[in-house]
Amino acid sequence: MTPFLLLSQTGQPELGWLSNKLLGVTLTSAEWVLWILVILSVLSIAIMLERTVYFARHRLPDSEGLAVRLARGDFEAARKAVEGKSGMEAAVVREALASTAQGADTVEQVIASTMARERPQYERFLSFLGTLGNNAPFIGLFGTVLGI
């Protein structure tokens, strides 16, 4: 008589294999969602630190002085200031100064193409951070719902 009593208390017919597995994952614990959040947080902090180091290394040290030299028309001093430097500002100034003899329209096109070439290096992994920032609250809410 005991099996009939247990069956009547469940109130549900026997579930399929997939339903049993999904219920087993969700009803045991929501700790795995917390671990996902921890791993994604560590990954996002690592990306932020990498981007900070990248921006610091590719920064032009005396950009104000360079702007003053360019405004005065001292192109030779500006060439020497960006010689051997890395980064978007240095590349734009270097290539723009190299094309000054071809006219203002050419310089404008060279600046635009240089910026288009350099931009992906500066925006690397930022889409991941944006996606993670938008979805992290929903992952946390999912864990909260499972935990309840």
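**Overall architecture and confidence**

The protein is built from eight helices and has zero strands, so that its pattern, read along the sequence, is α-α-α-α-α-α-α-α. Of the 148 residues in the protein, 20% are buried. Among the contacts in the protein with a separation of 6 or more, 58% are accounted for by residues 24 or more positions apart.

The mean pLDDT of the protein is 83, with 86% of its residues reaching 70 or more. Confidence is highest in α7, at a mean of 92, and lowest in helix α1, which covers residues 2-10 and has a mean of 49. Over residues 4-8 the pLDDT stays under 50, and for this stretch the model has zero contacts beyond four places in sequence. Where pLDDT is low, the predicted coordinates should not be read in detail.

Two packed helices are described by the angle between their axes and the distance between the axes.

| Helix pair | Angle between axes | Distance between axes | Crossing |
|---|---|---|---|
| α4 and α5 | about 155° | 8 Å | left-handed |
| α5 and α6 | roughly 140° | within 9 Å | left-handed |
| α6 and α7 | about 155° | 9 Å | right-handed |

Helix α4 spans residues 63-72 and helix α5 spans residues 75-82, and the two pack at an angle of about 155°. That angle makes α4 roughly antiparallel to α5. On the α4 side the contact is made by Leu66, Arg69 and Leu70, while α5 contributes Phe75, Ala77, Ala78, Ala81 and Val82. Sorted by class, the residues of this contact between α4 and α5 comprise seven nonpolar, no polar and one charged.

Helix α5 also packs with α6, their axes crossing at roughly 140°, which makes α5 oblique to α6. Here the contact is formed by Phe75, Ala78, Arg79 and Val82 of α5 together with Ala90, Val93, Arg94 and Leu97 of α6. The class count for the contact of α5 with α6 is six nonpolar, no polar and two charged residues.

Helix α6 (residues 88-98) in turn packs with helix α7 (residues 104-122) at an angle of about 155°, an arrangement that makes α6 roughly antiparallel to α7. From α6, the residues in contact are Met88, Ala91, Val92, Glu95 and Ala96, and from α7 they are Val107, Val110, Ile111, Thr114, Met115, Arg117, Glu118, Arg119 and Tyr122. This contact of α6 with α7 has nine nonpolar, one polar and four charged residues.

The buried residues of α6 are Met88, Ala90, Ala91, Val92, Val93, Ala96 and Leu97, and what covers them includes α4, α5 and α7.

**Individual residues**

Leaving aside neighbours within four places in sequence, Ser44 is in contact with Leu129 and Leu132. Leu43 also lies in helix α3, but its relative accessible area is 40%, and Leu43 is therefore partly exposed. The C-alpha atoms of Leu43 and Leu129 are separated by 9.4 Å, although the two residues are 86 residues apart along the chain.

Phe125 is found in the loop between α7 and α8, the latter covering residues 126-147. Its phi is near 70°, a positive value in a residue other than glycine. Phe125 counts as partly exposed, at 38% relative accessibility.

Key: Residues are numbered from 1 along each chain as its sequence is written. This is a predicted model: local features need pLDDT of at least 70, side-chain atom pairs count only at pLDDT 80 or more; totals for chains, interfaces and linings use all residues. Side-chain values use heavy atoms; hydrogens and water are left out. Axes are lines fitted to C-alpha atoms, for helices over the stretch in contact, and angles run from 0 to 180 degrees between N-to-C directions. Helices (H or I, at least four residues) and strands (E, at least two) are DSSP runs, numbered from the N terminus. Angles under 35 degrees count as roughly parallel, over 145 as roughly antiparallel, 65 to 115 as roughly perpendicular and the rest as oblique. A crossing is left-handed if the near helix is turned anticlockwise from the far one by less than a right angle, and right-handed if clockwise. Contact means heavy atoms within 4.5 Å. Ala, Val, Leu, Ile, Met, Phe, Trp, Tyr, Cys and Pro count as nonpolar, Asp, Glu, Lys and Arg as charged, and the others, Gly among them, as polar. pLDDT is the predictor's confidence in each residue, from 0 to 100. Buried means under 20% relative accessible area, exposed over 50%, partly exposed in between (1.4 Å probe, protein chains only).
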